[in-house]
Amino acid sequence: MITYNQIKQPEYKKWLTEYKAYLVENWGLNSDLAEKVAVFLLYAYFYGLNWTINSGFRDPEYQKELQKRWDAGNRTGIVARPATNSLHSVTGWLSKPDSHAIDLKFNDQNLAGQLSPFFGLKWGGNFNSRDPVHFYV
């Protein structure tokens, strides 16, 4: 597994530290997930992969709204039916967002999914009901 501690170049280490903080503060990711995703995205860049973050933490009420939309047939922007007990909706101490999942869209989703285990991530593209934008720990 490729980890943050293996990165030695100061400019990459700085970017990883800043991007990890961005993922925690702006997307509500769990610190462990944020670190793994930052390293994953650094390498994705070198593989020529472009990405967009679709979602990180989701308020449980918003998660329910997404489920209702899906069930009503409005699937705009939703790749798979949102789970009832979602890793996107985890909260930590003092109800702070602590998501253990992130939805990332890549220009080559299958390559990203194949690379993800090297960074300690699991991929929703392997689900029975495929969710190829879903990455989690």
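**Packing of the helices and the sheet in a predicted model**

The buried residues of helix 2 pack against helix 1 (10-27), strand 1 (51-55), strand 2 (101-106), helix 4 (109-115) and strand 4 (134-136). Here, helices (H or I, at least four residues) and strands (E, at least two) are DSSP runs, numbered from the N terminus. Buried means under 20% relative accessible area, exposed over 50%, and partly exposed in between, with a 1.4 Å probe and protein chains only; contact means heavy atoms within 4.5 Å. The model is predicted: local features need pLDDT of at least 70 and side-chain atom pairs count only at pLDDT 80 or more, while totals for chains, interfaces and linings use all residues. Residues are numbered from 1 along each chain as its sequence is written, and side-chain values use heavy atoms, with hydrogens and water left out.

The residues of helix 2 that are buried are Leu33, Ala34, Val37, Ala38, Val39, Phe40, Leu41, Leu42 and Ala44. Helix 2 (residues 31-46) has 16 residues, and the distance from its first C-alpha to its last is 23 Å, close to the 22 Å expected at 1.5 Å a residue. The expected span of a helix is 1.5 Å times one less than its number of residues. At the start of helix 2, the backbone nitrogen of Asp32 has a side-chain oxygen of Asn30 within 2.8 Å. Just after helix 2, Gly48 has a positive phi of about 80 degrees.

The sheet is open and consists of 4 strands in the order 1-2-4-3, with antiparallel pairing. Strand 1 and strand 3 (122-123) are the edge strands, each pairing on one side only. Two strands pair if DSSP finds at least two bridges between them; strand 3 and strand 4 pair in the antiparallel sense over 2 bridges. Helix 2 packs on the sheet, touching strand 1, strand 2 and strand 4, and its direction makes about 10 degrees with that of strand 2. Axes are lines fitted to C-alpha atoms, for helices over the stretch in contact, and angles run from 0 to 180 degrees between N-to-C directions.

Trp123 is located in strand 3, and its bridge partner in strand 4 is Phe135. Trp123 counts as buried because its relative accessibility is 9%. Leaving aside neighbours within four places in sequence, the residues in contact with Trp123 include Gln109, Arg130, Pro132 and His134. The side chain of Trp123 also reaches the backbone oxygen of Pro132 at 2.8 Å. Trp123 lies 81 residues from Leu42 in sequence, and their C-alpha atoms are 17 Å apart in space.

In helix 3, the buried residues are Gln63, Leu66, Gln67 and Trp70. Seen down the axis of helix 3, these residues fall within an arc of 100 degrees, so they line one face of the helix; the arc is that of the directions from the helix axis to the C-beta atoms. At 1.5 Å a residue, the 12 residues of helix 3 (residues 60-71) should span 16 Å, which agrees with the 17 Å between its end C-alpha atoms. After helix 3 comes Gly73, with a positive phi near 95 degrees.

Ser86 is in the loop between helix 3 and strand 2 and counts as buried, at 10% relative accessibility. Its side chain and that of Gln63 are joined by a polar contact of 3.4 Å. A polar contact is a pair of N or O atoms within 3.5 Å; within protein, one must be able to donate a hydrogen and the other to accept it, and residues adjacent in sequence count only if both atoms are side-chain atoms. A polar atom of the Ser86 side chain also lies 2.9 Å from the backbone nitrogen of His88.
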